[in-house]
Amino acid sequence: MLEVEEVCAGYGRSQVLFDVSVHAERGAVTCVMGRNGVGKTTLLNTVAGLLPAMSGRIALDGGDVTRSRPHRRVRAGIGYAPQGHGTFAPLSVAENIAVAREAAGRAGPEAVEEALELFPRLRPLLDRRAGLLSGGQAQQLAITRALVTDPKVLVLDEPTEGIQPSIVAEIEGVIRKVADRGVAVLLVEQYMDVALRLADEVAVIDAGRVVHAGPRASLEDGEARRLIAI
Ligand SMILES: Nc1ncnc2c1ncn2[C@@H]1O[C@H](COP(=O)(O)OP(=O)(O)OP(=O)(O)O)[C@@H](O)[C@H]1O
Ligand SMILES: [Mg+2]
């Protein structure tokens with residue numbers, strides 16, 4: 001569904017990603033792992049179009065999006081919940097959701113109802129300003145915003161970072177359900193236990209390069225573990 005082929009990217013003259021290739025398949029969770037600063041967020045920002053690729057190719061459902069603007073990629077089916085959630089603090093929860101749905105222009109109003117069924121805790125909070133939400137609630141809102149764009153690929157950057165275990169379990173449950181509905185999930189995750197529960201495929205990045213890729217079971221490999229160890 002999502003093909004990232006030999007992508008190079010960075011900031012100004014500082015190159016961060018070197019020939020990174022990652023694929024996310026329909027119905028599967030592909031977990032990108034690696035230590036702090038190795039380029040995980042840079043990769044997702046390049047996929048979402050917030051950062052241009054210096055070279056390489058990004059394709060969604062066979063269509064080339066490498067040079068597409070971010071809003072075009074949302075419309076094409078890339079739903080992104082960035083690291084630290086990135087919700088609009090002055091807007092209410094309902095307004096955050098409405099902005100995302102309208103920007104995507106591809107999902108009907110039922111998409112909001114479906115997303116709220118996945119995150120029922122947000123329902124009583126619809127009129128609350130997003131800036132007043134707890135970290136766990138804000139992360140759920142960020143994922144909801146990505147879901148109401150009716151994505152073909154759901155791209156999540158550390159959705160469990162700094163979140164209490166019971167909410168992590170809920171978020172994991174939603175990610176699994178979304179994948180089981182046929183969405184491709186590209187998930188950046190630093191925690192081994194979460195990856196071991198959720199991932200179908202893993203890619204480990206070190207210093208801007210994919211240094212390991214394979215099915216979840218390959219994480220048992222000592223070398224893969226060493227590359228992730230914090
Ligand atoms: N806007 C920017 N301008 C310049 N350099 C940046 C910028 N954003 C990130 N970098 C650098 O790019 C490298 C990769 O950063 P990135 O945020 O992709 O890492 P990460 O793997 O997501 O780390 P973390 O686990 O801490 O989220 C780092 O060296 C970082 O300092
Ligand atoms: Mg990051």
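Visitor: What makes the pair formed by Val38 and ligand 1 a polar contact?
Guide: A polar contact is a pair of N or O atoms within 3.5 Å; within protein, one must be able to donate a hydrogen and the other to accept it, and residues adjacent in sequence count only if both atoms are side-chain atoms. In this predicted model, a polar backbone atom of Val38 lies 3.2 Å from an oxygen atom of ligand 1. Gly39 also contributes a backbone N or O atom, 3.1 Å from a ligand 1 oxygen. Glu158 uses a side-chain N or O atom, at 3.5 Å from an oxygen of ligand 1. The protein covers 57% of the 640 Å² of accessible area that ligand 1 has on its own (Shrake-Rupley method, 1.4 Å probe).

Visitor: How do you know which ground rules apply?
Guide: Residues are numbered from 1 along each chain as its sequence is written, with chains lettered from A and ligands numbered from 1 in the order in which they are written. The model is predicted, local features need pLDDT of at least 70, side-chain atom pairs count only at pLDDT 80 or more, totals for chains, interfaces and linings use all residues, and side-chain values use heavy atoms, with hydrogens and water left out.

Visitor: Why is Thr41 called partly exposed?
Guide: Buried means under 20% relative accessible area, exposed over 50%, partly exposed in between (1.4 Å probe, protein chains only). Thr41 has 25% relative accessibility, so the label is partly exposed. Gln83, at 34%, therefore counts as partly exposed too.

Visitor: Why is Val29 called buried?
Guide: Its relative accessible area is 0%, so Val29 is buried. Val29 belongs to strand S3 (residues 29–33). Of the chain's 230 residues, 50% count as buried.

Notes. Helix = DSSP H or I, 4+ residues; strand = E, 2+ residues; numbered from the N terminus.
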